[in-house]
Structures are given as structure tokens and as C-alpha cells.
Amino acid sequence: MASNRGQFSSRLGFILAAAGSAVGLGNIWGFPTQAASNGGAAFLIVYLILAFCLAYPALMAELIIGRHAHANASRALEKISATPRIARIGHAVGFAGLIVASLILSFYAIVSGWMIGFFVASLLKLFGLILSMFLFVLRSSTAPELVHIVVVQPAIWLETFSTPRNILLMSLFMVLTIGIITKGIHGGIEKWSRRLMPLLILSIAGLAIYVLTLPGAIDGLKVYLLPDFSKAIAPNLLINALGAAFFSLSLGVGTMLIYGSYISDDEHLPSLGGWVTATDVGIAVLAGFLILPAMYVALNNGVEIFSASGQLLSEDTLIFTVLPALFNSMGTTGLIISTIFFLLMTVAALTSSISMLEVPVAYTIENTSVSRTTTTWIVGILIACISAVIIVNFDTLFGLVITVTTRYSQPLLGFMFCIYAGWLWRRDSLLKELQKNHPNAENEWFWRIWPGYVKVICPLIILGIFYQSL
Ligand code: PHE
């Protein structure tokens with residue numbers, strides 16, 4: 001069965017694809033801005049502990065169930081259930097994950113579309129600069145008007161909030177996502193993650209090094225690396241960091257479960273999961289070295305980022321105000337950096353969005369006889385229609401969909417995955433899954449700690465988050 005479902009061709013291929021899913025707008029924007037508001041290094045420490053102590057065990061639950069069943073979340077939870085009733089509930093949980101993954105994609109595609117917009121606008125401005133120089137050499141008298149029509153106007157349109165712009169850019173992003181998913185696991189997800197992930201890591205590192213040389217950057221670095229424990233004991237910090245860790249590792253919607261189902265039986269699951277967690281956390285930490293210094297460089301250049309009381313201004317939209325202002329204040333270099341930065345955000349978003357779309361696509365393919373290409377287009381267009389509805393009713397729906405999916409649904413469904421792995425799946429069958437090609441699994445540290453952990457500690461912490469968010 002596994003053979004005609006598609007499989008990751010190698011260990012690295014899986015790690016890059018799963019880390020690509022995990023690393024997204026959440027890490028590169030969400031983590032650094034939260035760190036900036038919540039005591040810098042203090043938040044970093046809490047986040048690191050939670051990522052390894054809560055998110056890693058929950059990730060392992062999804063990977064192990066997925067590889068055992070070699071099926072989508074609904075069917076996988078059915079398969080490990082001992083009674084028909086538990087199986088029916090399992091199916092419903094998997095299906096709920098599918099709906100949530102689709103809804104997450106519907107808002108993610110809107111934000112990712114904006115990233116494309118800012119990328120193309122920067123590219124246009126660069127082109128405008130070259131065009132102006134060219135026209136100057138030719139001594140053309142129509143130069144300013146021409147540049148205005150060809151470059152300035154479209155760039156302003158792309159950077160300004162409007163329904164037509166949002167719909168166009170969202171559709172463009174969805175077409176890219178659909179294009180990759182139609183190519184399947186090996187030729188689509190793995191191939192593109194392999195190409196895009198190294199590009200992402202290199203450009204964050206390169207940009208960070210550059211930004212660190214600018215005046216003001218060291219202040220940002222200090223905030224990031226010197227813990228301010230007075231802010232870190234704020235009541236919501238723990239809960240916020242927990243939610244961030246969950247969203248960041250793509251948990252609770254069946255994404256990691258379906259990626260797990262494409263792992264070969266030869267692989268050692270605990271170390272694969274460890275690599276994915278470490279990469280996800282590593283890139284978030286690396287992005288901190290870029291975003292925090294960049295914020296203080298912007299501050300140094302006169303861009304307002306803090307209110308009088310010292311709080312960050314509009315945390316969520318800062319990326320579309322502070323960074324462009326920073327880039328603008330840097331002249332031509334700023335244009336080049338801006339182009340690379342928004343390309344990077346688009347790439348990070350794309351390796352995450354494909355993992356969201358794979359959830360409903362895999363379910364449909366495995367339950368019907370429709371081909372992957374047709375399924376992907378139908379499901380993708382349906383999700384784009386939901387996005388369009390959100391765009392048209394932006395003020396009422398956008399925030400609501402984000403809250404319902406990431407704050408309530410993800411933790412609750414993550415809780416259910418832990419219950420299935422910890423309480424409802426027979427322990428001997430679970431151990432057998434880990435022992436495939438690794439007969440010594442029973443004596444490894446993972447088996448000593450993880451089963452009890454996923455049974456008691458993870459569900460308790462997740463219930464804690466859920467209770468808090470209510
Ligand atoms: N982990 C992704 C990010 O950090 C978001 C995501 C959530 C991806 C759920 C897949 C499923 O941006």
C-alpha cells in the first residue's frame with residue numbers, strides 16, 4: 001500500500017519537507033515579535049523549553065501514528081482504535097483536522113499574498129531605478145511619466161490594502177501551492193522543499209549579518225540576548241509561548257501525521273522528529289537575530305515602533321509598516337534587501353501552505369478514485385473561494401478565523417492526537433512501530449520517557465492552554 005501512496009525518498013528529504021511545513025510566517029515573524037514584547041531572552045528560554053518538552057512529544061505522536069497507518073489522519077486514527085465507536089470518533093477527529101487545516105490555509109494564503117505583493121513591488125522599484133538610469137542616458141524627456149506609469153503606480157497598488165489586490169495576490173499564491181501539490185510527494189513537496197529551504201536559511205543568515213552592521217542593531221541584539229525577567233513573568237507569557245510552539249510545529253491538524261505517513265519504515269522516528277523540532281526552533285532563533293536588530297535599526301532611523309508605554313505598536317501588522325519604512329530609509333541597498341526579504345517570506349509561506357493543502361488532498365485521494373491533479377485543483381479552488389469570502393468580509397472574518405483555528409481548534413485537536421497515542425492505541429502495537437528496523441527501541445531513552453509523557457503531561461498542558469484561551 002505504501003508503495004503507491006508516494007514516499008519521501010530520503011531522510012534529508014523528509015526533514016526538509018517537515019521543517020519546511022513547520023518553518024513559516026509563524027517563526028520568522030511571530031516568534032521574534034513575541035520575543036520583543038515578552039522580555040527578549042527570557043521568552044526565548046521559555047519557548048525553547050516548551051518546544052522540546054511539549055511540542056516535540058506531540059509531534060512524535062502524529063509522526064508515529066502516521067507512519068504506522070500509512071494513511072490520512074481519519075483513517076489512521078480509525079486503524080489504531082480498538083472498538084468501532086472509538087474508530088468513529090477517530091475518523092471525526094481526523095476530519096475536523098482537515099477542516100481546520102483548510103481554514104488555516106484560507107487565511108494564510110491572504111497574508112502570503114501580501115508577501116508576494118511586497119516582493120513584486122520591490123522588484124518593480126528596482127526595475128524602475130534601472131529604467132530611469134537608462135532613460136537618463138538616452139536623455140528621454142518622457143522619462144519621469146514613463147517610470148511613474150510602469151513602476152510607481154503598480155508598486156503603490158501592490159502595497160496598498162484593497163479587495164481586488166488581496167484577491168489577485170491570494171489567487172496567485174494558491175496557484176503556486178496547487179502547482180506544487182499536483183506533483184505529489186517526491187516530485188512536488190520534497191523537491192521544492194529541498195530547493196526552497198536552503199535558500200531560506202541562507203538568506204535569513206545573510207540578511208541578519210548585514211543588518212547587524214547597521215547603526216542601532218546592537219540595541220536589538222541586547223534585548224534579544226539579555227533576559228528581562230520582569231516581563232517574562234507576565235501571566236500570559238507561558239500560554240502565548242505554548243500556542244506559538246503548537247502553531248509553529250504545525251501540530252493538531254493532521255499535517256505532521258500525513259507527512260509521517262510518507263516516511264519509510266527504515267527510519268528512526270525519534271531522531272527524525274528531533275531534527276525537525278531543532279530545525280524549526282533553530283530558524284525561529286536565527287530569525288530573531290534578523291528581526292529584532294532590524295526593529296532597532298528602524299527605530300534609529302526615526303521609524304516609530306514602540307508606544308509611549310514601551311509596548312510594541314500593532315504587533316501583527318508591524319511587518320508591513322516597520323520593515324518597508326526601514327527598507328525605504330536605506331536607499332538602493334534597502335530596495336535590494338526588501339526584495340530578498342519578501343521573497344524569503346513567500347518561500348517560507350509556500351513550504352508551509354503545501355503541507356496544509358496536502359491534508360484535504362490526501363484524504364480525498366485515499367477515499368475516492370479521483371486523480372491527484374484533479375483533486376488538488378478542486379480542493380485548492382474551494383479553499384481559494386473561502387479566502388475570497390474572508391477578503392470580502394475582512395473586518396469580521398479575518399481575525400475570527402485565525403482565533404477559531406489557531407487558538408481553539410489546534411490545541412484541542414492536538415489533545416485528541418495525544419489521547420489516541422497515549423490511551424487508545426495498544427502499547428505493544430505502538431512499540432512494534434518504533435521497533436521496525438530498530439529492534440533496540442524498547443531500551444532507548446525515548447521509550448522510557450515519551451509514552452508516559454504523551455499520556456499525561458502533554459494532555460494536561462494542552463488542556464491548560466485551552467482552558468486559558470476560553
Ligand atoms: N507552522 C506553520 C508556521 O509556522 C503554520 C502551519 C500551521 C503549517 C498548521 C501547517 C499546519 O507558519
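A polar contact here is a pair of N or O atoms within 3.5 Å; within protein, one must be able to donate a hydrogen and the other to accept it, and residues adjacent in sequence count only if both atoms are side-chain atoms. The model is predicted, so to speak of local features takes pLDDT of at least 70 and side-chain atom pairs count only at pLDDT 80 or more, while totals for chains, interfaces and linings use all residues. Numbering runs from 1 along each chain as its sequence is written, and side-chain values use heavy atoms, with hydrogens and water left out.

View 1. Backbone first: a polar atom of Ser-248 sits 3.0 Å from a ligand nitrogen, and one of Ser-21 is 3.3 Å from a ligand nitrogen. Ser-250 uses its side chain instead, with a polar atom 3.1 Å from a nitrogen of the ligand. The protein buries 100% of the 330 Å² that the ligand exposes when taken alone (Shrake-Rupley, 1.4 Å probe).

**View 2. The shell around the ligand.** Count 16 residues around the ligand, with Ala-22, Gly-26, Tyr-108, Phe-247 and Ser-248 the closest (a heavy atom within 4 Å). Six are nonpolar, 10 polar and none charged (Gly goes with the polar ones).

**View 3. A salt bridge across the sequence.** Glu-267 pairs with Arg-11, closest N and O atoms 3.6 Å apart (Lys or Arg side-chain nitrogen within 4 Å of an Asp or Glu carboxyl oxygen). Glu-267 is in the loop between helix H13 (255-260) and helix H14 (269-300) and Arg-11 in helix H2, so the pair ties together parts 256 residues apart in sequence.

Note on methods:
Helix = DSSP H or I, 4+ residues; strand = E, 2+ residues; numbered from the N terminus.
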